[in-house]
Amino acid sequence: MQQVKKGDTVKVHYHGKLEDGTTFDSSEGREPLEFEVGNGMVIAGFDEGVTGMQTGEKKTIHIPVDEAYGPVQEEMIMEFPRDRFPADMIPEVGMQLNMSNGQGQNFPVVIVEVKDAVVVLDANHPLAGKNLIFDLELVEIAGGSPLIIMP
């Protein structure tokens with residue numbers, strides 16, 4: 001039976017959890033996730049987790065921080081002057097916003113603290129600093145990239 005290898009396009013159902021059992025994402029009720037293994041489309045630990053699986057196989061993988069979204073980077077936590085928020089916006093902890101870096105690139109941030117003069121924003125990925133657990137089911141190996149044979 002065929003096993004998943006780098007370059008294969010696969011379809012996978014998944015249930016992503018944190019170590020405390022909290023679900024952060026799942027393909028339940030949706031189409032399976034389709035991606036090319038080893039092409040950087042998913043986090044490294046997910047790529048490694050599906051490698052070697054066979055169609056219909058189920059397994060649970062544990063992905064450490066460094067193979068997931070990396071550690072929390074303190075430089076991605078910043079203070080932003082409260083008076084630069086729109087006058088009608090009341091900043092609250094947990095509120096998700098989009099910021100622009102001045103070069104046209106937008107990135108998501110989350111309010112982590114509200115002070116008198118500033119609002120503390122975190123631009124880290126929400127799963128940074130966390131070990132992840134995935135329950136996987138390999139639905140299909142759709143095929144690999146064609147090999148090019150040179151003379």
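A contact, as the word is used in these exercises, means heavy atoms within 4.5 Å. The structure is a predicted model, in which local features need pLDDT of at least 70 and side-chain atom pairs count only at pLDDT 80 or more, whereas totals for chains, interfaces and linings use all residues. Residues are numbered from 1 along each chain as its sequence is written, and side-chain values use heavy atoms, with hydrogens and water left out.

**Exercise 1.** Place F107 in the chain, and state which residues F107 touches.

*Solution.* Begin with the secondary structure, where F107 is found in strand β7; strands (E, at least two residues) and helices (H or I, at least four residues) are DSSP runs, numbered from the N terminus. Next, leaving aside residues up to four places away in sequence, F107 touches L97, N98, M99, S100, N101 and A123. Then consider accessibility: F107 counts as partly exposed because its relative accessibility is 25%, the class that lies between buried (under 20% relative accessible area) and exposed (over 50%), with a 1.4 Å probe and protein chains only. Finally, F107 and I133, which are 26 residues apart in sequence, have C-alpha atoms 26 Å apart in space.

**Exercise 2.** Describe the lining of the second largest pocket and the strands that supply it.

*Solution.* On a 1 Å grid over the protein atoms alone, a pocket is an open set of points where a 1.4 Å probe fits, with protein on both sides within 12 Å along at least five of seven lines, and lining residues have an atom within 4 Å of a point. The second largest pocket has a volume of about 160 Å³, a volume being the space filled by probe spheres set on the points, which are joined across faces, edges and corners. Its lining includes L97, N98, F107 and A123. Strands β6 (96–100) and β7 (106–114) each supply at least two of the lining residues, and the largest share, four residues, comes from β7. By class, the lining has seven nonpolar, four polar and one charged residues, where Ala, Val, Leu, Ile, Met, Phe, Trp, Tyr, Cys and Pro count as nonpolar, Asp, Glu, Lys and Arg as charged, and the others, Gly among them, as polar.

**Exercise 3.** Describe the largest pocket by volume and by lining.

*Solution.* The largest pocket has a volume of about 190 Å³. Its lining residues, among them Y14, D25, M41 and F134, divide into nine nonpolar, no polar and one charged.
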